[in-house]
Amino acid sequence: MLAVWLLSGASPALASSSSSQQAAAKKSQAAKGHSRRSLTKHRIARKGQGPAPTQSFDEIFPPGHKFTPEEKAEASAFGVFCENGQWKDAYKFVTKAVKQHPERWWLYAARAAAAANLNRHKDVIDAVDHALQTNNGDANRLNVCQLQILKANAQSRLGNRAEAINTFLEAAKTDPKDPYSRAGASWLFATTKDPKIHNPTAAMQLATEAAKLAHEKDATILDVLAAAYAAQGDFASAQRWEGKAILGGDTEDIPQFQRRLVYYQTNKPWNEDSK
């Protein structure tokens, strides 16, 4: 069963073991035949490059597609590499597989996910474009949205912020209920120093929409909302929302949230050069 693993920054793990393979097999079997949405948290890049997925993953299954035994084996093998953080092996595996079966769009999607974890941003964009061009309607709205977010993050990391914003906004149109595409565009509008891109008003609108869609429960999106308020000069609101992000944030995120709070307490907005 196919799993498109949209991850970023997963730490290397030990080589695969029989127990991890069994766990991956059970996870795949449990999800068979279903497409599920999860509000996967998206961490904010440290220099204003847009939200990026954490170590958790989404399993996405194209609707109506009957996977052959060979396709299931491909997905299972790729999944074990992902479970163990073996991104170089995952990338090599799926690159070979996609050469043998260029018609399988989900292999391009898997290649994009592996490339993202290896900071191969140009390869991410290329793989996403191929996946979008070859799926022939097999990809559902969630599939397409997540692929577009992967592409937008890669564009941002290459310094192409205007292109990244456009791609984030395309993803938002693809899935009106997705908060992370809006948060990604908002973050760039709020924190870039480029006067042609910096747009506090747009940042505020998108961040507010993202927070509502995430029911104000995702700390990384509240962090974006705080940055948007700060960009408008409303530092009291920025402090309030950053405080909520700190209270609800993951341990690894809190120090960064606290650094931003210090900026807001001194009436300074956070931008791409802030530390």
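**Reading the labels in this model**

Reader: Why is Asp-250 called partly exposed?

Author: Asp-250 has a relative accessible area of 25%. Buried means under 20%, exposed means over 50%, and partly exposed is in between (1.4 Å probe, protein chains only). The value for Asp-250 falls in between, so the residue is partly exposed.

Reader: What are these values computed from?

Author: The model is predicted: local features need pLDDT of at least 70 and side-chain atom pairs count only at pLDDT 80 or more, while totals for chains, interfaces and linings use all residues. Residues are numbered from 1 along each chain as its sequence is written, and side-chain values use heavy atoms, with hydrogens and water left out.

Reader: Where is the place of Asp-250 in the chain?

Author: Asp-250 sits in the loop between helix H11 (235–248) and H12. Helices are DSSP runs of H or I with at least four residues, strands are runs of E with at least two, and numbering starts at the N terminus. Asp-250 and Ala-219 are 31 residues apart in sequence, and their C-alpha atoms are 8.0 Å apart in space.

Reader: How many helices and strands has the chain, and which pattern does it follow?

Author: There are twelve helices and two strands. Along the sequence the pattern reads α-β-β-α-α-α-α-α-α-α-α-α-α-α. Of the 275 residues, 55% count as buried. Contact means heavy atoms within 4.5 Å; among contacts in the chain with a separation of 6 or more, 65% are between residues 24 or more positions apart.

Reader: What makes H2 and H3 roughly antiparallel?

Author: Helix H2 (residues 69–83) and helix H3 (residues 87–100) pack at an angle of about 160°, their axes being 8 Å apart. Axes are lines fitted to C-alpha atoms, for helices over the stretch in contact, and angles run from 0 to 180 degrees between N-to-C directions. Under 35 degrees counts as roughly parallel, over 145 as roughly antiparallel, 65 to 115 as roughly perpendicular and the rest as oblique. The angle of about 160° is over 145, so H2 and H3 are roughly antiparallel.

Reader: Which residues of H2 meet which residues of H3?

Author: On the H2 side they include Phe-78 and Phe-81, and on the H3 side they include Trp-87 and Phe-93. The crossing of H2 and H3 is left-handed, a word used if the near helix is turned anticlockwise from the far one by less than a right angle, with right-handed used if clockwise.

Reader: How do you know that H9 is roughly antiparallel to H10?

Author: The axes of helix H9 (residues 200–213) and helix H10 (residues 219–231) cross at roughly 155° and come within 9 Å. That angle is past the cut-off for roughly antiparallel, so the term applies to H9 and H10. H9 passes H10 in a left-handed crossing. Residues that meet here include Met-204 and Ala-207 in H9, with Leu-225 and Tyr-229 in H10.

Reader: How many aromatic pairs does a search of the whole structure find?

Author: It finds three. One of them joins Trp-105 and Trp-106, with ring centres 6.3 Å apart and planes at 85°.

Reader: Why is the pair of Trp-105 and Trp-106 called edge-to-face?

Author: Rings of Phe, Tyr and Trp (its six-membered ring) pair if their centres lie within 6.5 Å; planes under 30 degrees apart count as stacked, over 60 as edge-to-face and the rest as tilted. For Trp-105 and Trp-106 the distance of 6.3 Å makes a pair and the angle of 85° is over 60, so the pair is edge-to-face. Both tryptophans are buried. For Tyr-263 and Trp-270, centres 5.0 Å apart and planes at 65° also give an edge-to-face pair. Tyr-263 is partly exposed, at 22%, whereas Trp-270 is buried, at 1%.

Reader: What lies over the face of Trp-270?

Author: Arg-260 does, at 4.9 Å from the ring centre. The rule asks for NZ of Lys or CZ of Arg within 6 Å of the ring centre and within 35 degrees of the ring normal. Lys-244 lies over the face of Trp-241, at 4.3 Å.

Reader: Is Asn-119 buried or exposed?

Author: Asn-119 has a relative accessible area of 56%, so it is exposed. Its place is in the loop between helix H4 (105–117) and helix H5 (121–134), and its phi is near 60°, a positive value in a residue other than glycine.
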